Amino acid sequence: MFSDQYDVRTAATLSEARRVLAECSAEIIISDQSMPEIDGTEFLREAAAMCPESFRILLTGQVSVGDVLEEVSTGIIHLFETKPWREERMREILDRASTVLDRRIR
């Protein structure tokens, strides 16, 4: 859906996701909170350790701000979006993340 503007890579399993992180090629990392092997906050904690310059987004249909407050306040999660998300809103989020990353580079 977003490959017209971004180099999109997906991972169907935790091991695939960790392989992508090991390359540290991901600038924007989006994770669902509910995954079979690990929850999204824990995964994004790993992502922050492996790719500290990445912009990390959590998608959730269940978590409230209070549930992820520590991760947000410490910079593990830069933004979280509730599900179901709309394409237009996700494009805005990705544009915002890209702008933040561009400013870091300058």
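The model is predicted, so local features need pLDDT of at least 70 and side-chain atom pairs count only at pLDDT 80 or more, while totals for chains, interfaces and linings use all residues. Residues are numbered from 1 along each chain as its sequence is written, and side-chain values use heavy atoms, with hydrogens and water left out.

Student: Which residues of helix α1 are buried?
Tutor: Helices here are DSSP runs (H or I, at least four residues; strands are E, at least two), numbered from the N terminus. Buried means under 20% relative accessible area, exposed over 50%, and partly exposed in between (1.4 Å probe, protein chains only). In α1, residues 14-23, the buried ones are Leu 14, Ala 17 and Leu 21.

Student: Why do the buried residues of α1 line one face of the helix?
Tutor: An α-helix has 3.6 residues a turn, so residues three or four places apart point the same way. The arc is taken from the directions from the helix axis to the C-beta atoms. Seen down the axis of α1, the buried residues line one face because they fall within an arc of 60 degrees.

Student: Is Ser 54 buried or exposed?
Tutor: Ser 54 sits in the loop between α2 and β2. Its side chain reaches the backbone oxygen of Cys 51 at 2.7 Å. With 2% relative accessibility, Ser 54 counts as buried.

Student: How many residues apart in sequence are the parts tied together by the Phe 2 and Trp 85 pair?
Tutor: Rings of Phe, Tyr and Trp (its six-membered ring) pair if their centres lie within 6.5 Å; planes under 30 degrees apart are stacked, over 60 edge-to-face, and the rest tilted. Phe 2 and Trp 85 make a tilted pair, 6.0 Å centre to centre with 35 degrees between the planes. Phe 2 lies in the segment before α1 and Trp 85 in the loop between β3 and α4, so the pair ties together parts separated in sequence by 83 residues.

Terms used. Polar contact = N/O pair within 3.5 Å; in protein donor to acceptor, adjacent residues only side chain to side chain.
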